[in-house]
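Dear colleague,

Please find the structure below, followed by a short account of what was found in it.

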Amino acid sequence: MILLNLVSTVLLAAEAVEQKGGLFDVNATLPIMAVQFIVFVALLNVIFFKPLSKAIDDRDDYVREQIIGAKERLEKAELVVKQYEQELATARKATQNVLATAQAGANKIRNERIDAAMAEAKAKVATAKAEIEKQKQDATASLDTEVESLSRQVLEKLLGNLVRS
């Protein structure tokens, strides 16, 4: 309807101005060009602009969905990282507890062995002292016997010399 009004207005204007050599020569080609332009715009809209705008909208939707999905995956990954960090901290604490327990056990065993070695050393020292004391007494007894024997011999020689003289 608008196109028909436009064409009739252009035709009326063309009849009114029939002078040649003006700025525009208005003849029958102007309405044809106008119709061609409108048809060309309509065809471009149907063939090119609508599919292009649909493709752009689809691409925007796809990008939006991918961004949303990436954000969700990032949030999940951050949660998993936090969970793993908590588990790692728990494992570290457990490891420290195990190490402390093992170290305390090792210290206890070491102290027990040191105490046992000290007791054994004291027992050996006591045994050695007792043996030294026994050997001392044996040596003293042996020396007493020899001194007595030598004393008798000296006395016999002295008395024997006195009795003989």
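How many aromatic pairs does the count come to? The count comes to one aromatic pair, where rings of Phe, Tyr and Trp (its six-membered ring) pair if their centres lie within 6.5 Å, with planes under 30 degrees apart taken as stacked, over 60 as edge-to-face and the rest as tilted. The ring centres of Phe48 and Phe49 are 5.4 Å apart and their planes stand at 70°, so this pair is edge-to-face.

This is a predicted model, in which local features need pLDDT of at least 70 and side-chain atom pairs pLDDT 80 or more, while totals for chains, interfaces and linings use all residues. Residues are numbered from 1 along each chain as its sequence is written, and side-chain values use heavy atoms, leaving out hydrogens and water.

The chain has two helices and zero strands (DSSP runs numbered from the N terminus: H or I of at least four residues, E of at least two). Phe49 belongs to helix 2, residues 29–164.

Phe48 is partly exposed because its relative accessibility is 44%; the cut-offs are under 20% relative accessible area for buried and over 50% for exposed, with partly exposed in between (1.4 Å probe, protein chains only). Phe49 is likewise partly exposed, at 44%. Of the 165 residues in the chain, 3% are buried.

The chain exposes about 15,000 Å², of which carbon and sulfur atoms supply 64% (Shrake-Rupley method, 1.4 Å probe; for residues, only the protein chains shown count as cover).

Yours sincerely
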